[in-house]
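Here are my notes on the model you sent over. Have the structure open while you read, and we can go through it point by point.

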Amino acid sequence: MSDTIDLALGVLDHQIVDSEDFRCGKVDDLELEGIREGSPRVEAILVGAPAWRGRGTMGRLAAALVRGRMVRVPWSEVSKVDSAVRLRKPGRELGLARAEGHARPLVEWIPGARNEG
Amino acid sequence: MKRIFEIALGILAAIGGFVDIGDIVFNVAAGAIFGYQLLWVVVIGVGAIITYSEMCGRVAVVSGRAVMDVVRERLGFGAGLVALIAGQLVNLMTLAAEIGGIALALQLLSGLPYRVLLVLGVLALGVVIWVLRFEWIERVFGYVGLTMLVFAVAAIKLRPEWNEVASGFVPGVPSSNLAVYAFFAVGLIGAATVPYEVYFYSSGAIEERWTPKDLGTNKANAIIGYTLGGFLSFALMIMAGALFFPLGISPEALGTVALGAEVPLGQIGLLLALVGVLFAVSGAAIDTVFSGAYNMAQFFGWEWGKYRKPVDAPRFTLGWIVMLVLGFVIVVTGVDPIQVTEFSVIFSVVALPLTYIPILLVANDRAYMGRYANGKVANLFGVGYLVVILAVAVAAIPLMIVTNMGQG
């Protein structure tokens with residue numbers, strides 16, 4: 001990766017990976033500050049269905065159809081940006097990927113659900 | 001030595017994994033209607049899947065991101081969502097067709113009722129996916145699918161006019177029946193490039209933890225594996241061209257296809273053909289099931305991978321279970337799997353640019369790929385095939401309507 005990162009191409013819509021190497025959402029939108037002052041900076045990553053509202057017609061449509069909470073991850077929690085946006089902490093400590101918790105009971109009763117694939 | 005062995009194993013799996021219900025239907029129908037005249041199109045189709053999957057594999061190895069990740073990164077949320085929906089619809093149709101193919105092959109082998117075999121087939125797929133490790137799933141079905149080589153033996157035994165076969169590799173346009181010819185050309189390219197192959201292939205590179213050291217394996221799998229897989233397509237078309245074309249029969253059923261091995265080789269030929277078809281189609285069904293779950297997870301950012309415990313990637317696990325159930329629901333309504341196959345192949349051609357273009361862009365992006373970005377050769381093929389894929393995508397639906405699905 002080069003030193004400068006294009007926010008639109010290099011961050012937005014990229015995979016978020018936590019400190020335990022689990023995938024925990026996409027960069028659904030970005031919160032920028034200081035645009036009026038002429039020194040814009042990224043304050044936070046927005047993750048979750050409500051964040052799609054800012055992403056055009058299809059985004060508004062999808063956000064209206066899918067329930068979910070928006071999680072705001074302060075940029076200070078980002079440790080590194082390569083092909084993924086990597087976090088300093090486990091996703092659950094930041095409130096990410098909570099839906100995995102809702103889905104888990106649906107599969108964990110199946111024999112072998114705790115075995116390595 | 002161990003490395004060569006591994007590469008060889010991968011190639012074998014790629015050969016067996018290349019052929020699915022779409023290849024069987026389109027190659028046999030093309031051979032039955034046009035003899036050997038469309039063989040050259042298969043060459044173009046095989047070139048397309050080599051180019052496409054080599055890029056997908058390389059991007060996955062270098063960046064750790066599979067096809068639908070890249071699609072969303074490059075197209076953004078809105079257009080990416082359109083690509084996802086199109087991809088999933090094609091995946092579902094393909095899956096339904098493959099499941100139907102499993103039941104048809106089982107029916108020819110056992111004589112039991114079709115719907116009973118649908119249920120048994122889907123349950124068996126579910127158990128296999130749940131129990132077997134990723135590497136084994138890929139290989140078992142690839143290897144046993146190699147018994148489809150019986151069609152190559154059959155094609156030779158049928159004593160085709162080899163000079164006519166050879167002239168089929170020279171691009172040409174027939175004097176009549178042009179629209180149907182073009183429809184089958186589109187279908188053959190579509191059958192060779194069904195999108196689940198690259199979704200599965202790129203995600204598989206990440207499942208198997210490939211690193212840049214494996215880029216050689218990636219290239220070998222794509223080039224040698226798919227080229228040899230292409231020979232199976234040739235065999236099917238030559239067999240149909242030698243057997244059905246002179247008789248004016250256009251096989252509408254899988255049983256007729258298997259006849260192509262039975263006529264020259266007897267009962268054993270029939271048995272091998274059916275087992276080969278069964279495993280090739282089952283392998284394709286499993287790849288498609290996974291592809292559906294990979295796509296959802298990669299678009300929405302869920303944890304995914306067969307290498308994870310199911311409880312550690314629960315949405316992904318539910319994703320493939322739901323895929324399997326939906327595929328079953330579609331075929332159990334009684335739709336004809338062969339017709340579903342034709343639709344799935346034609347629609348996959350229409351949707352292909354939506355995933356091909358982002359991959360081509362990323363494979364060229366030095367900020368992303370560093371020294372592994374496309375070189376001159378990769379770009380010559382990459383851009384050349386972009387033109388082919390766009391042309392075929394535009395032509396697909398009009399040809400489907402004009403020819404009434406190739407009926408003329």
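1. Let's start with a helix contact in chain B. B:Val150, B:Phe151, B:Val153, B:Ala154 and B:Lys157 of α7(B) meet B:Gly260, B:Ala261, B:Pro264, B:Leu265, B:Gly269, B:Leu272, B:Ala273 and B:Gly276 of α12(B). Being in contact here is a matter of C-beta atoms, placed from the backbone, lying within 7 Å. By class, the residues of this contact come out as 9 nonpolar, 3 polar and 1 charged. Nonpolar covers Ala, Val, Leu, Ile, Met, Phe, Trp, Tyr, Cys and Pro; charged covers Asp, Glu, Lys and Arg; the others, Gly among them, count as polar.

2. Some ground rules. This is a predicted model, in which local features need pLDDT of at least 70 and side-chain atom pairs count only at pLDDT 80 or more, while totals for chains, interfaces and linings use all residues. Residues are numbered from 1 along each chain as its sequence is written, and chains are lettered from A and ligands numbered from 1 in the order in which they are written. Helices (H or I, at least four residues) and strands (E, at least two) are DSSP runs, numbered from the N terminus.

3. How do α7 (residues 150–157) and α12 (residues 254–300) of chain B pack? Their angle is about 170° and their axes are 9 Å apart. The axes are lines fitted to C-alpha atoms, for helices over the stretch in contact, with angles from 0 to 180 degrees between N-to-C directions. That makes α7(B) roughly antiparallel to α12(B), a label for angles over 145 degrees.

4. Helix α14 of chain B (residues 337–363) bends by about 40° at B:Ala351, with B:Pro353 following within four residues. The bend is the angle between axes fitted to the seven residues ending at a position and the seven starting there. In α14(B), 20 of the 27 residues are buried, so this helix is largely enclosed by the rest of the structure. Buried means 20 or more other C-beta atoms, placed from the backbone, within 10 Å of a residue's own; exposed means 12 or fewer, and partly exposed is in between.

5. Now the interface: 31 residues of chain B are in contact with 33 residues of chain A. On the chain B side, α4 (67–110), α13 (314–332) and α15 (366–369) each supply at least two residues. Of the elements there, α4(B) gives the most, with 8 residues. The chain B side has 15 nonpolar, 6 polar and 10 charged residues.

6. Over in chain A, there are 3 helices and 7 strands, in the sequence pattern α-β-β-β-β-α-β-β-β-α. Buried residues make up 31% of its 117 residues.

7. Four strands of chain A form an open sheet, ordered β2-β1-β7-β6, with mixed pairing. Two strands pair if DSSP finds at least two bridges between them. β2 (23–26) and β6 (78–81) of chain A are at the edges with a single partner strand each, so one side of each lacks a neighbour in the sheet. β6(A) runs antiparallel to β7(A) (residues 84–87), joined by 3 bridges, and A:Val81 stands opposite A:Val85.

Definitions and conventions. Parallel < 35°, antiparallel > 145°, perpendicular 65-115°, else oblique. Contact = placed C-beta atoms within 7 Å.
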